[in-house]
Amino acid sequence: MLRRTAASGLAAGRPPRTSARRWGLGSARPGSCGATRPPQAAAAWTSWLPKDAEYVWSSTPCPGGGHEAIKVLPCGTEAAPLLACRRRSAFGGRCCADVDVDASLAGGGGSAGAPAGAPEGSLRQRPEGGPTAASSGPRRIFLMSSLSHDDIDQWTLIHHWFEHYQGRLHLQPERFLLILHSDSRNSTGLSRMARWLRREYGVLHTVPTIEPYTAYNHMLIKHELLRRFVTPSDWVMQVDADEFVFFPSGGTAAEVLDQVEQAGHNVHYALMVDRVAADGDVDLAPTRGSSIFKSFPLNCALTLLIQQSDVRKACAYRGHLRATTGNHNVLGLNASAAVLSRKHPVRTTRRYRRAIGEAFGDHDYNLLPESYHKEGQPFPSILHVGEFATAYHFKWIRGLAQKLRRRATTEVSTSGQYAELRNYLDKTNRFGSDALKRLCNLHDLPGPEVPIRALTSLELMMLFQNAKPEHLENILEQGNVPQHQREAYISRLLERTMNENIARESNVPTH
């Protein structure tokens, strides 16, 4: 069930010192902190920021006089200046706070998102360079995720995460869209984290939020980022900071998604496979310089069996689609709904749009692509890949117990879901041998000495359905399935189980 909460603000990494000149702000500089408060006229643009904070500001008319660019500097923090745009007349083109002319001429340009939930013309912090939804050219692949500043014990996982997505899948860090959040409202720490990510890994686009974490809140921020940066022809890989996706066919993300696109698909799902230390220790931290897969060699189903959560994730989808909270579902028509929509296009499409509008509310609903809410446009259909990718899940590491205790306060709706797990971790930081035998496949799946790859459909069936190889062999023989069709047959069995037989809370049309 989608739940609506207050949304947090968007921002990006610190602009270069020359940014004021490049954006048409001339030599305007903010006043001195402690000496100036924003005038009453600026209240509409600062209302979403902390009310006890202090700001100084300056403004410069854009060339042509149609808009006015506002620069606001929060006092007492290391945050970068924020840019606002105010329309001064009914004409004049786009605001100079919105467009980086130099980068646009080079094929980039664009702006970061305005705060989700902020008024039209609200503050937006401009990242350096980067593509926009208006740019043209070949389709691109964006990686979107969220990193927690407060989970200090899990920072060691970040290097392995970048090593996988940059090193193995060859994704470009300038197309990473990362939300940085701090439940403790540590704005200074988020600024330092953004600078570190830029210096260490080349990440240009980071979005700090200091609101208490909720899945719905982060979904809105992600939708706004997609609206600002991504075109319908692009691909989006959306993964959590503890998920390492491997595609069934291997290869880089570009190679795989090229094949997916040529086959006419627009979504690739993955199943989360929990990786656990050999002795069941959940107080073990990853170390830089060693293989994380060897440190956590067991393939388990803890998320499904203990946490009782959905393990299916939409790990890649086309830019005209949108995922729901936790990216377990994608908004759109599944096969049966698509058939019904073709029979009664006007009536069914209106019903689907009304359901999404009621779930999201008017403002958030209008952030979705037009195909979701504009009359006369076909409602998106989901054409997913038959095979599942594998999202190796490194959640069961040091810092987990602390994170779950914090989430019980910040995201009360999930408190019951994690209650059993919290109680278990409060007693011990280790899964015993009996628990590992019950929750993991210790014998049939690849061990740490085997080069890491996606699990096959057969291996996923053995893990999630507790199916033995001889049982599946018997099913194949009884069905007279030829040898060359067996993997595809098992893939369909797995897909039917994971797509249709797992309850998913949603009151909107999704697949």
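Which residue in E7 is the bridge partner of Ile 141? In E7, that partner is Trp 235.

## Basis of the model

This is a predicted model in which local features need pLDDT of at least 70 and side-chain atom pairs count only at pLDDT 80 or more, whereas totals for chains, interfaces and linings use all residues. Residues are numbered from 1 along each chain as its sequence is written, and side-chain values use heavy atoms, with hydrogens and water left out.

## The chain as a whole

The chain holds 19 helices and 13 strands, taken as DSSP runs (H or I, at least four residues, for helices; E, at least two, for strands) and numbered from the N terminus. Of its 511 residues, 56% count as buried, that is, under 20% relative accessible area with a 1.4 Å probe and protein chains only. Where contacts (heavy atoms within 4.5 Å) join residues at least 6 apart in sequence, 73% of them link residues at least 24 apart.

Strand E4, residues 141–148, is mostly covered, with 8 of its 8 residues buried. In a regular strand the side chains alternate between the two faces of the sheet. On one side of E4 the buried residues are Ile 141, Leu 143, Ser 145 and Leu 147, and on the other they are Phe 142, Met 144, Ser 146 and Ser 148.

Strands pair if DSSP finds at least two bridges between them. E4 runs parallel to strand E7 (residues 235–238), to which 4 bridges join it, and it also pairs in the parallel sense with strand E5 (residues 176–181) over 6 bridges, where Phe 176 is the bridge partner of Leu 143.

Terms used
Buried < 20%, exposed > 50% of the residue type's maximum accessible area, 1.4 Å probe, protein only.
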